[in-house]
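Subject: Structure for your review

Hello,

Here is the structure you will be working with. My notes on it come after the structure itself.

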Amino acid sequence: MADTAVAVPHGHHPAHEHHGPQGIWKYLWSTDHKMIAMQYMFTGMFMAVIGGFMAYVFRMQLAFPGVSVPGFGQVSPGEYNALITNHGSIMIFWVAMPVLIAAFGNYVIPLMIGADDMVFPRINRLSYQIFLLSVLVLLASFFVPGGGFGGAWTAYPPLSAVGEYNQTNLGSTLWLIAVILEFVAFLLGGINFITTLMNSRAPGMRAYDIPFVCWMIVIASILFMLSVGPLVAGAIMLLFDQTIGTGFYDPARGGDPILWQHLFWFFGHPEVYVVLLPAIGITVDIIATFARKKLFGYKLMLYTVIATGVLSFFVWAHHQFIAGIDPRMAHIFTVTTLLISVPIAELVFLIIATLYGGSITLSTPMLWALAFVAEFIIGGVTGIFLGASGADIYLHDTYFVLAHFHYTFFPIAIIGTFAGFTYWFPKMFGKMMDDTLGKIHFWGTVIPFNLIFIPLFVLGMGGQHRRIYNYEHFPELAGQGMYQLRQVATISLLVMLAFQLVFFYNCIKSWRSGPKAPKNPWLANTLEWTAESPPPHGNWPPDRMPKVYRGPYEYAHPDVAEDYWPQDQPA
Amino acid sequence: MSFAKPQATLRSVTGIPTGRLAIWWVLASEVVIFGGLLGSYLMHRIGHPEWADAAVHTNVWIGAFNTFVLLTSSFTAVLAHQAAETGDGKKAAKLLMLTIGGALTFLIVKSAEWTMEISHGYTITANTFWSFYYTAAGLHAMHVIAGAIIMGFVAFDAYRGRELQRVELIGIYWHFVDVVWIFLFPLLYIAK
């Protein structure tokens, strides 16, 4: 089989179009990287709706305690725990990861490097199927006796290990199995991304001709692969503690609960960068396209990201400053944590330098990309307070922490995703999106987002602890001013959720009746814009695969008449 | 099901065949999984000198025999690779079957050993040393089982002269399974 494929690559009719599955199976059983990307994208969006609904329910309970939440009813303390736990887990493991890494990675990597598919299409399909299984296991965990897991997404033992403590004996086991399956799915996907980028680039594409977003997704996959292993081992140990009664995390039996915190955060902190890097890559590509300028310092940008990735393995204990860690050790982790802001700041300056002097078009994707940079800076700067062990002892486990990481994760998972989605929508669906509706959706998302989390910063500095079901039981946290801030946050959330309807309406309307998209609507240089919109199976005709002659960001080059110079155009 | 490999699979920009490149990344991810588990075990072991009392009850001779079996099976895997390089798929398949035989011997000895230990009361919940013992060796045994099954498929294809490059890939994986055991044996059996 392999030999015939070498001699006649695909022929005129690729064999898997002929013998491939038909009908509905074409969508469920496809090995095409674009179809798998769409599966990841829509599964991730579906989970985002569930995660958003959870946020709505518990924000209502926090702002108006005891109210019967429309669409849910009274929130009991146990349900509240399950809601916050699964909101966090879903948004990180089942929204940010599948959409930013798997969906965009699958969609753009083969197209941007001029390949017809991933190197292992069937492993790619297997990766999605395992991911789908993890989704089903997680969804099933909500309906078992006791309800979904209620031990927080960080799952610290003994709370997560002992059924009498978390009150969700079955839910916690199913949650853990779902997380392990999800890790396996992304390990398989990651190996595919890394190998594809290393081995399957178009002829002529050197390392520094690779579009930035491809680099970012692959570096993120490597970070994920190198950080998740210890947590896989740790999760197996926790599973045994829960189900067969071992004592890995039980000090009374020679175990150690802090061990889980180390294993979890050794993965958990690099995980932030695992989802951050694809968002940065998307942003950088969009900014270069809509500023019509060559990326400022491509190599330097790449090196800063690699430095960030390496440093991210040495900062994990800043999550454990109040866990009884030796203060001398806390100093070391304070220094490494603050050091990481140097390459990230460098990166932001390089993005600003790219914008400087460009002829900027404020299209919808560009607005999202700029908002990502602006909002992420707020998330980064507030992180400095938490990275310093002295300040963290006061702020730990308050809403300040919560607002901080939402100021990083929201730009990453939501703003970054919308940036990429609106940018590649013409390629994915062959139709142009409505720009006015896109801008209404943009402002209707970004303004309420700030109005949700700025009050939470203030509340956190005022000492409002996380993980409290009803603040009326805590007189010092139940003042009228604090309730007003909580209500501002909740009402802003309602406004933001309402504006998401504009997005869904825009998607459906543009997909059904939008103007047909040309091959290259943004006049961009990278290879995906040389394929049809949407690209057929195999992306290009097998005998006319693209060749690469230059880097991806040759905008406004003095030697050519147009202000862009596609990568595949011979000099 | 027929499946035409895309051009992407057949390209090799790095000069390393795609399959070999991927298998090294698989091993990288495996190294950190076992690394995390063994690192946790080591930290605990250093903090709990009394675990030596439990470790006394592991049987060094059975462990040594299994080490010998696994090393031998790695040797036949190398010979299978050599045969595949020369294009002799039938010989490669036979040598792979010998390797699977090694894997089965390993697993049979292991289950007899575990049966003996469990019947003496040294179960996975006896104490945390035994928890680590069964978890680490169990995770390793899962890799032995997975490797043996995949090797069966590779041997089936190799016997018909198909996908001979996979003989090398499963061999690389098999050496890794071997190396993990080389770490487990002293940590769980020899250290008293």
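Below are the findings, by topic.

Please keep in mind that this is a predicted model.

Interface between the chains

The two chains meet through 50 residues of chain A and 36 residues of chain B. On the chain A side, six helices each supply at least two of the residues that touch chain B: α1 (2–7), α2 (15–18), α6 (121–141), α8 (169–199), α9 (212–243) and α10 (257–291). Of these, α9(A) gives the largest share, with 10 residues. Sorted by class, the side of chain A that touches chain B holds 30 nonpolar, 14 polar and 6 charged residues.

The α9/α10 pair in chain A

Two packed helices are described by the angle between their axes and the distance between the axes. For α9(A) and α10(A), the axes come within 8 Å and cross at roughly 165 degrees. Angles over 145 degrees count as roughly antiparallel, so α9(A) and α10(A) are roughly antiparallel to each other. Their crossing is left-handed.

Chain B

Chain B has 7 helices and 0 strands, so that its pattern along the sequence reads α-α-α-α-α-α-α. The C-alpha trace of chain B spans about 55 × 30 × 30 Å along its principal axes. Chain B has 192 residues, of which 42% count as buried. Taking the contacts in chain B between residues at least 6 apart in sequence, 79% join residues at least 24 apart.

V548 in chain A

Is V548(A) buried or exposed? The cut-off for a buried residue is 20 or more other C-beta atoms within 10 Å; V548(A) has 22 such neighbours and therefore counts as buried. V548(A) lies in the segment after α18 (480–513) of chain A. Beyond its neighbours within four places in sequence, V548(A) is in contact with G114(A), A202(A), G204(A), M205(A), D209(A), Q567(A) and D568(A). A279(A) is 269 residues from V548(A) along the chain, and the C-alpha atoms of these two residues are separated by 25 Å.

Regards

Definitions and conventions: Residues are numbered from 1 along each chain as its sequence is written. Chains are lettered from A and ligands numbered from 1 in the order in which they are written. This is a predicted model: local features need pLDDT of at least 70, side-chain atom pairs count only at pLDDT 80 or more; totals for chains, interfaces and linings use all residues. Two residues are in contact if their C-beta atoms, placed from the backbone, lie within 7 Å. Helices (H or I, at least four residues) and strands (E, at least two) are DSSP runs, numbered from the N terminus. Ala, Val, Leu, Ile, Met, Phe, Trp, Tyr, Cys and Pro count as nonpolar, Asp, Glu, Lys and Arg as charged, and the others, Gly among them, as polar. A residue is buried if 20 or more other C-beta atoms lie within 10 Å of its own, exposed if 12 or fewer, and partly exposed in between; C-beta atoms are placed from the backbone. Axes are lines fitted to C-alpha atoms, for helices over the stretch in contact, and angles run from 0 to 180 degrees between N-to-C directions. Angles under 35 degrees count as roughly parallel, over 145 as roughly antiparallel, 65 to 115 as roughly perpendicular and the rest as oblique. A crossing is left-handed if the near helix is turned anticlockwise from the far one by less than a right angle, and right-handed if clockwise.
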